[in-house]
Protein chains: 2
Amino acid sequence: MAIQQKLSLMIPGPTPVPEKVLQALSKHPIGHRSKEFQDLVESTSKNLQWLHQTQNDVLTITGSGTAAMEAGIINTLSKGDKVICGENGKFGERWVKVAKEFGLEVIKIDSAWGTPLNPEEFKKILEEDQKKEIKAVILTHSETSTGIINDLETISSYIREHKTALSIVDCVTSLGACNVPVDKWQLDIVASGSQKGYMIPPGLSFISMSQKAWEATEKSNLPKFYLNLKSYKKSLLSNSNPYTPAVNLIFALDESLKMMKEEGLESIFLRHKKHKLAMSNAAKALNLKLFANEKYLSPSITAIETGEIDAEEFRKTIKNKFDILLAGGQDHLKGKIFRVGHLGYVNDRDIITVISAISKTLLDLGKITTQQAGEAVVIASKYLEEN
Amino acid sequence: MAIQQKLSLMIPGPTPVPEKVLQALSKHPIGHRSKEFQDLVESTSKNLQWLHQTQNDVLTITGSGTAAMEAGIINTLSKGDKVICGENGKFGERWVKVAKEFGLEVIKIDSAWGTPLNPEEFKKILEEDQKKEIKAVILTHSETSTGIINDLETISSYIREHKTALSIVDCVTSLGACNVPVDKWQLDIVASGSQKGYMIPPGLSFISMSQKAWEATEKSNLPKFYLNLKSYKKSLLSNSNPYTPAVNLIFALDESLKMMKEEGLESIFLRHKKHKLAMSNAAKALNLKLFANEKYLSPSITAIETGEIDAEEFRKTIKNKFDILLAGGQDHLKGKIFRVGHLGYVNDRDIITVISAISKTLLDLGKITTQQAGEAVVIASKYLEEN
């Protein structure tokens, strides 16, 4: 048996957590109605706005990212409302389910898993909607299930031209990994979760709400209580929360946001970009096929096909031999792909390490030569060393 | 300025967290779909059943106690359903609001804040409901806002006699503090939260669901997704979660439940009972009036009237001088009462300490004699030393 508790988390969440953040997490709790806690809420709220590049309110919810996405939908829409849902992966599918559960009329724009949504399809449907019946466009920026990133910049520009429809975007694995300029792109609702780029454990989710989104809440007739965002907005005015928040996760959030500010947005985005390029190019050097369209690779997850090798067995070997946890394929992709998360608190060494582990496993399976194993590290290093 | 970070939390939540639990909290996260995590879910689920004294499923939700109560309501009821809501404090009020938000027809049984709900009123209305139109009885066991405990044992017996109505009970500050035998009392839905008797920080909530409650979910037509308990039930079959759970809080939960098992239910209940008696009798010895009816004192919160003294000023003095955080009165009780939480990880010394702090503050205000201050400690000790 291997030495315990030296796990390397290379999955798209939970992501690794810095020591400093774990220490903050383990402080004795304080009262959530105290001045000290209000100061923390003030600090994290401001830094969340910085991270989102926005002046909009960014609210913190105790719950998973799904809770934040649901909140965005049920606070701004009403039963029978027509919405466009982009679907090219498991999370896109989930938002279709949520929309239908709440009685929305869904126009689905889809594409095969691993291929990006076509922005022109959004444009066409939005332009044809002269009566302005479409109330929202719901989509996933980075599809965690496939490692694809959708072209949110272009799609959001078409939503803006429609003028009426709100954008409701799952940025769970893009925020804090690549550029998501909320104000510049005029994104109305942006949802994300703590166990991703934020570098803290799961349990918190975040939602950015534009003025237009708040106006829509006035018309929304879907029932809600715990996820009623008006309560959160009202509480935020006094740096508070409507219900007891996950106090210790807020300690952690405060610390991690400060670390992110120190690193700077540009550096964070560059780091993720380099890791994406190193990982994907190394995979190709190892004769592995990328599952996602190479022009649209997510900054945070690389999905890799294993061909005739059982991907679950492959993952298991890497876990047992190197104590590195990779993610498997979901649904019909189970056994066919594995996914490497390079999101949040990941450094260059982690990337070289996971590439080496994959190489050695392929070598042992007789799938590559020693020469190829060497080349994978060389090519990865080339991308990592670029500035 | 006082030495920092030696705060004593004597509020009804967040409650103090044991060192061991904080250490568990700060471990590096692991994958929530891993075998290691499944083992944890299996262990915590079994121990949650132990704590609830039930064979029912006890589900864990990432969210506050309000999320669990809302889940209980929206998973088992439908728009227009008739329900009884017991209301004698802020939390009772909240469940009325939730019920109304989801279009339920509410029959309110109320009593003044600080007085218990009258079980006979429940009996009468339930007996008169020959057509079995009442689908649920929603009530709060221990009213955190007033320090009263409602007679759940008797009320639940009347609900059982009705046969159709479900019991949906907020046991947030009673579970893990006094006897709540879910199977014996045949409680259908019991909601609670992590930052209370569980001795872990806020962020998780729990919901126990009886077979009858699960049957009711089949008829419920209220829309829900994140709080759809069927998803949680399905995941629990494989010791998993439908959405990324608060992994580190589960580490903490596992540790705290083991500590609770070691102490034993009887000992935990006795400890809370002794603390309640020590605190309330010391308050009386200090000429302070208990806000709640003395026959129905909550095991976890003592609400104390301050008469002509401003309760907020009093709390502030205790905080500044002794670094002890007490809770204030809510809504119309603000400034009129303070509340001492003696819930979860609280020992006899904490009780003596808070009594001494209150005594000294009253002495400084010229409200009591030194003799009385001494008597308060003597009488408290008498209760603490009883077996």
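Mentor: Helices are DSSP runs of H or I of at least four residues, strands are E runs of at least two, and both are numbered from the N terminus. Here α10(A) is followed by A:Asn287, whose phi is positive, near 65°. This is a predicted model: local features need pLDDT of at least 70, side-chain atom pairs count only at pLDDT 80 or more, and totals for chains, interfaces and linings use all residues. Residues are numbered from 1 along each chain as its sequence is written, while chains are lettered from A and ligands numbered from 1 in the order written.

Trainee: What pLDDT does chain A average?

Mentor: pLDDT is the predictor's confidence in each residue, from 0 to 100. Chain A averages 97, and 98% of its residues score at least 70.

Trainee: How many residues does helix α10 of chain A have, and how far does it reach?

Mentor: The expected span is 1.5 Å times one less than the number of residues. Helix α10 (265-285) of chain A has 21 residues and reaches 30 Å from first C-alpha to last, close to the expected 30 Å.

Trainee: Which residues of α10(A) are buried?

Mentor: Buried means 20 or more other C-beta atoms within 10 Å of a residue's own, exposed 12 or fewer, partly exposed in between, with C-beta atoms placed from the backbone. Among the buried ones are A:Ile268, A:His272 and A:Leu277.

Trainee: How many residues of chain B are in contact with chain A?

Mentor: Contact means C-beta atoms, placed from the backbone, within 7 Å. 41 residues of chain B are in contact with 42 residues of chain A. 100% of the interface residues of chain B are also interface residues in chain A, so the copies meet through the same surface. The complex has a predicted ipTM of 0.97.

Note on methods. Contact = placed C-beta atoms within 7 Å.
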